[in-house]
Amino acid sequence: RIPVIIDTDPGIDDFFALMLANSSGKLDIKAITSVAGNQKWELVTKNALDIASYFHMDCEVAKGAEQPLNIPPRTAGYIHGENGLGNLVLKAEKKSLSPDYAWDIIYKKAVEEKGRLEIIAIGPLTNIAIALLKYPNLHKLIHRVVLMGGSSDIGNTSPYGEFNAVADPLAAKIVFRSGMPLVMVGWNAAVKSKLTPEDIDQLKAIDTPYTGDCSFLWDFERKAYKGFGKEYIILSDALAAAYAIDPAVMECKDYYVAVETASSLNLGRTVVDFGHVCKDKPLNCSVGIEVNKDLYLKMLIQMMKHYRKE
Ligand code: BDR
Ligand code: CA
């Protein structure tokens, strides 16, 4: 099993990413680290603890950054609800936070795993950036980072800006320049993993102790997307977890990717050098381009079936 840390700002799609990661049997979840993003740090940290307890995940949960590195926090209650989980209250036993901060756990586990550790980063990249700054040799100890963030074309927060990158552009710049092997599950890829009402009905039909709450969250998302005139939903973070489990779910190509931190209109845009114009720059990122939607849906069905067996 691959040792992983999941860095997250739960978040409805983060919930499903954690649920999927926990179900696959392929990932050994060493820790969950919280980061301010979809909601304020207090809420996402509580949600991370509750989700870990709800799915009986036997791993540490550590608190991370309370705000982005150099700009005020931005939240996304319009798509994740006021508590970050569609206002759903999970029936979970109280779990305690790790005494360590996110960046220290990331380093500690990276050292323990001797270069095998992967990070699934599905929130703003603040914690990872802090870890890189605090521990200058960290980049050499990470096998790879699968990150949901950025986009090679359209954005969801500004014309070309995706939420996690826009929420902390400086952190994203630090991560993209770090030299760690990166896989970018950008918004451009996420839109190819759209779940239709029929897909959701298939998932809802699988009876598990979690199906009621999952259906509630899917319905909450459907309502939010309907508000934007969309009939589908996108669980972007679940696609990142799916890729970490089985890379066949997304086709990638290596490019030089830089993060815009100066412009106001393009703040947080991940600029992908498709034409290989910057010849002196490294191919620092494996960019997700195509999604195998059938496989992705199969993995979600498999996830539901796993919890049926529990
Ligand atoms: C990303 O932003 C957040 O709202 C989601 O949880 C996901 O990580 C999608 O742009
Ligand atoms: Ca997220």
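Which residues does Leu147 touch, not counting residues up to four places away in sequence? In this predicted model, Leu147 touches Ala121, Leu125, Leu182, Val183, Met184, Val185 and Ala240, with residues up to four places away in sequence left out of the count. Leu147 belongs to the largest nonpolar core, which has 101 residues, and together with Ile120, Val185, Leu239 and Ala240 it is among those that touch the most other members.

Helix α1, which runs over residues 12-23, has twelve residues and spans 17 Å from its first C-alpha to its last, close to the 16 Å expected at 1.5 Å a residue. Twelve of the twelve residues of α1 are buried, so the helix is largely enclosed by the rest of the structure. The buried residues include Asp13 and Asp14 as well as Phe15, Phe16, Leu18 and Met19. After α1 comes Gly25, whose phi is positive, near 80 degrees.

Two packed helices are described by the angle between their axes and the distance between the axes. For helices α4 and α5, the axes come within 8 Å and cross at roughly 65 degrees, and the crossing is right-handed. The residues that make this contact are set out below.

| Helix | Residue range | Residues in the contact |
|---|---|---|
| α4 | residues 102-113 | Ala102, Trp103, Ile106 and Tyr107 |
| α5 | residues 126-134 | Asn127, Ile130, Ala131 and Lys134 |

Sorted by class, the contact of α4 with α5 has six nonpolar residues, one polar residue and one charged residue.

Note on methods: Residues are numbered from 1 along each chain as its sequence is written. Chains are lettered from A and ligands numbered from 1 in the order in which they are written. This is a predicted model: local features need pLDDT of at least 70, side-chain atom pairs count only at pLDDT 80 or more; totals for chains, interfaces and linings use all residues. Helices (H or I, at least four residues) and strands (E, at least two) are DSSP runs, numbered from the N terminus. The expected span of a helix is 1.5 Å times one less than its number of residues. A residue is buried if 20 or more other C-beta atoms lie within 10 Å of its own, exposed if 12 or fewer, and partly exposed in between; C-beta atoms are placed from the backbone. Axes are lines fitted to C-alpha atoms, for helices over the stretch in contact, and angles run from 0 to 180 degrees between N-to-C directions. A crossing is left-handed if the near helix is turned anticlockwise from the far one by less than a right angle, and right-handed if clockwise. Two residues are in contact if their C-beta atoms, placed from the backbone, lie within 7 Å. Ala, Val, Leu, Ile, Met, Phe, Trp, Tyr, Cys and Pro count as nonpolar, Asp, Glu, Lys and Arg as charged, and the others, Gly among them, as polar. A nonpolar core is a set of buried Ala, Val, Leu, Ile, Met, Phe, Trp, Tyr and Cys residues joined through C-beta atoms within 7 Å.
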